[in-house]
Amino acid sequence: MIDKMSRHTKKRYQAERRFKIYGLLAIMFALGFLGLMLSTIALRAIPAFTQTYIQLTVEFSAKILDVDNKRDVKQIARADFQKIIREALYAEFPAANKRQDKKHLKKLVSSEAGYHLSRDLLAAETTDLNFIGTSAAIWVKSSDDVDSFIKDFISREVDEINRRLNDQQIGWIDSLIADGKLETRFNWDFFKFADSRSPEDAGIRGAVMGSLFTLAITLMLSFPLGVFAAIYLEEYAKPGRITDFIGVNINNLAAIPSIVFGLLGLALFLNIFGMSRSSPLVGGLVLSLMTLPTVIITTRAALKSVPPSIREAALGIGASKMQTILHHVLPLAMPGALTGAIIGMARALGETAPLLMIGMVAFIADIPTNINDPATVLPVQIYIWADSPERAFESKMSAAILVLLFFLIVMNGLAVLLRRKYERRW
Amino acid sequence: MPYTTTISIFVSLCLLVTAYFWGVKRAIATKRSQTALSTQVKFHSLPGFHGAYVAIWCAIPSLVLFVAWQTLRPNFLPQWLAQDMAGLVLLISAGILGLFFAQKRIASRFKARHKVETAFSLVMLLSSLVAVFTTFGVVVSLVFETMRFFSKVSVSEFLFGLHWSPQIALRADQVASSGSFGAVSIFAGTLLITAIAMLIAVPIGLFSAIYMSEYATPKFRTWAKPLLEILAGIPTVVYGFFAALTIAPFMRNWGFELGLEISSESAMAAGLVMGVMIIPFVSSLSDDVINAVPQTLRDGSAALGATKSETIRLVLLPAALPGIVSSVLLATSRAIGETMIVVMAAGLAANLTANPFQAVTTVTVQILTLLVGDQEFDSPKTLAAFALGFVLFLLTLGLNILALKIVNKYREKYD
């Protein structure tokens, strides 16, 4: 009997241990997934931060650059700088004289290299044009295939047909490496350029600026509106059916899927109001409607936590209701409201779906300069790159995710700091 | 255009500040002249309130006029009035008129404070109504476009039709020129992915919550809980990226070795990643409700000789059940409305299947693919997106209301 009981107890204790382990496993699974995801992305992002450059001895021949010999900067800016680079390549490898060889050879450098060269040389209005007729050793960006090869994404072992670089091209690259004419540098252009069709020129500056404009609009609209609404609901509204109705409404608004806000933006802002597609203005409007509930709910909580004695004291010494709120209650509730606003902004920063609906998904190679320019935002840029076939975009995408996560960490960290610093218990 | 916008914003701000200080100055001057005459006169409001009153009178007419001008501009105004400059002039002149009207009313008896406070409370009221208007706008735009859709496609075809191919041909003689809008396969795909996600999220979320609230040391809790919450804070596009470029290829290779046919875009990959994403929604809400069960119940159960896990299974979970069910419902509504993960990992073609290793499509994916790109607003193709959006809206709203109802109705009241 006792034996049976102790066996039963043993079984129960085993069940107890198992149960506990299940719980721990569940948490470990979730955290392990998080760790796996972040480390995979970080590892994949590394190649995006470097870029391969090739050194070429370029001859700035007047025949190509200044056809009519007028030394006119505007005329020269339109000249075929890419051809100069091509000629330098041909000079570097004189053995490649067949048409086919030349075609392969010119694929070693970026197709945008000439454009960047001309921009660097002719940056100022009063450019010294003495370089024409001379020759110089310059570094130009390699094409993304060469870059991928250097980063070991293209393997020598693969059959030539299935490789993006043929044996001849690899031979040229090897000789460039042997001569010290090929090096890898930190890819500053990733932070300086907007999107581009060629991976070696694609950057996130345009998307970051777009995000910035969009978030600025979102903050300017949703923060005051949210705080005012919270003040009304907490301080002015008499509890009753209308107030309840508004409260329920706000809670439901918080639960609507973000894509439905995109539909609203499309139907209302684009179709009825006729605002411009893809603009940060419309994006900001949509996102501010989305973040409004977050701001209202957190600000209401912050206002609620301000003790009534503060209000009574203010009213007791003759302050009006508005003075009580603006001079005493609101300043005390401000850290809470700001925390809510930052959390709402962080969510808006990561939002993708509604912005796709209002056309922020277009390919935009220019950096937006105001809120009406067509723009894209960081998460949408990631989505756009996810659709691109080139291998190099995959690491760009991961790098863009890292930048996005960096901003999110900063914002959430700020929110935590704010809460720690100003949290008060009455 | 942007420059005029910037200028008009700047000018109106200048005007407002001028109006405020003008009001303050006039109030002080009036006060001085009147108190010089007799000490009996008391000024009702502080100068600041007079200033604010003038500023409000400056702002409202110009704002009203500007909005009216902006809405009438495209269709109803003559050329010379529709120009940017004309708008600017209107804006400024309305503001100045308001200013002069208001500053004339400054006097000792004038109750500027009352007026300003009323205006203030009105602004607060209007702001809180924005949320209501938004809901209203969502419902109206969805209902309106859905009605238009159903005038072209019958309700029964949409709800019960099995074939979904929204492409409408440009010419009448092309193949499949009519397009068919049977959404059953889309609903089935949504259901499949949501089910997979919930199968992952509910047990893991629930066990995490139980461990956090019952077993974990305070120290473990303080670092593990925020880490778990990070999962909810990561943008969904990141999950989509991970699902499409890491999980899906991994599963395809793995299936290939086992001899399974797994397509590169599968319901499984999307559902798995989505399940992980919503773990914190289940766990943090469940954690709260389990914590809310009073300690006396735990103590009573322990006193009867139950082990901790028995207490949890037989006492705490039944007591916390309404809260847990509602958290699961809220998480389900999240999963149904989630877009980016499924867009990137689940596939675009409608496919009526229960096989989780095949590509299926969801409501959100279809809304997105129908609407991204250029569109005309009369074709059933674009309108179908609104009909799907309406279904999505009703579904998530229904789940939320149900979740609230359950909590309110079945909540155990301890005292």
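The structure is a predicted model, and every value below was computed from it. Chain A is built from 18 helices and three strands, and its radius of gyration of 30 Å is well over the 22 Å that the globule rule gives for 426 residues, so chain A is more spread out than a compact globule.

**Overall form of chain A**

- Along its principal axes, the C-alpha trace of chain A spans about 90 × 80 × 40 Å.
- Of the 426 residues in chain A, 43% are buried.

**Where chains A and B meet**

- The contact involves 69 residues from chain A and 66 residues from chain B.
- On the side of chain B that touches chain A, helix 5 of chain B (residues 112–150) supplies the largest share, with 19 residues.
- That side of chain B consists of 42 nonpolar, 20 polar and four charged residues.

**Nonpolar cores**

- The largest nonpolar core holds 211 residues, and the members that touch the most others are Ala243(B), Ala270(B), Val273(B), Ile341(B) and Ala345(B).
- If neighbours within four places in sequence are left aside, Ala243(B) is in contact with Ala248(B), Ala269(B), Ala270(B), Val273(B), Ile341(B), Met344(B) and Ala345(B).

Conventions:
Residues numbered from 1 in each chain as written. Chains lettered and ligands numbered in written order. Predicted model: local features only at pLDDT ≥ 70, side-chain atom pairs only at ≥ 80, totals over all residues. Core = buried A, V, L, I, M, F, W, Y, C linked by C-beta atoms within 7 Å. Buried ≥ 20, exposed ≤ 12 C-beta atoms within 10 Å, placed from the backbone. Contact = placed C-beta atoms within 7 Å. Helix = DSSP H or I, 4+ residues; strand = E, 2+ residues; numbered from the N terminus. Rg over C-alpha atoms; globule rule 2.2 N^0.38 Å. Nonpolar A, V, L, I, M, F, W, Y, C, P; charged D, E, K, R; others polar.
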